[in-house]
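Student: Please pick one part of this structure and take a close look at it. I would also like the setting around it.

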Amino acid sequence: LREECGVSGWSLLQLPGDAVLVPAGAPHQVQSLSGTISVEQQFLSPESAVRLRELGTEPAGTPRRLRAQMDGMIFAAVREALDVLRGCK
């Protein structure tokens, strides 16, 4: 990819307790050197949510499944925020 598109790759060794943030939309590949447990968190920025909603109003817009996933992510974020606020007494 470097020669074709000017894209450079990164290689890293993740140790127990380390976290790796992969930016949204960034292609990535993982090679496990031993048994692992992977935890993934999807992040939907406010800007992306607005854009997806706008696409959903167009005739050839966002597929129904994608909109349902987005609605679920927004609902979960609001629920988590309310739980945090409830804990701040």
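Tutor: L33 is exposed, with a relative accessible area of 69%. The model is predicted, so local features need pLDDT of at least 70 and side-chain atom pairs count only at pLDDT 80 or more, while totals for chains, interfaces and linings use all residues. Residues are numbered from 1 along each chain as its sequence is written, and side-chain values use heavy atoms, with hydrogens and water left out.

Back to L33. It sits in the loop between α1 (2-5) and α2 (46-56). Its C-alpha atom is 10.0 Å from that of Q14, 19 residues away along the chain.

Now the setting. The protein has three helices and zero strands, where helices (H or I, at least four residues) and strands (E, at least two) are DSSP runs, numbered from the N terminus. The order from the N terminus is α-α-α. Of the 89 residues, 7% are buried. The protein exposes about 8700 Å², and carbon and sulfur atoms supply 58% of that area. Accessible areas come from the Shrake-Rupley method with a 1.4 Å probe; for residues, only the protein chains shown count as cover.

The term needs a side-chain nitrogen of Lys or Arg within 4 Å of a carboxyl oxygen of Asp or Glu. The structure holds one salt bridge. R86 is exposed, at 55% relative accessible area. D83 is partly exposed, at 45%.

Next, the nonpolar side. I74, V78, L82 and L85 form a nonpolar patch on the surface, with about 340 Å² of accessible area together. Patches take residues with over 30% relative accessible area and no salt bridge; like charges are joined within 9 Å, and nonpolar side chains (Val, Leu, Ile, Met, Phe, Trp, Tyr) within 5 Å. L85 belongs to helix α3. Its relative accessibility is 57%, so L85 counts as exposed.

Last, M73. This residue also has its place in helix α3. M73 counts as partly exposed because its relative accessibility is 30%.

Notes: Buried < 20%, exposed > 50% of the residue type's maximum accessible area, 1.4 Å probe, protein only.
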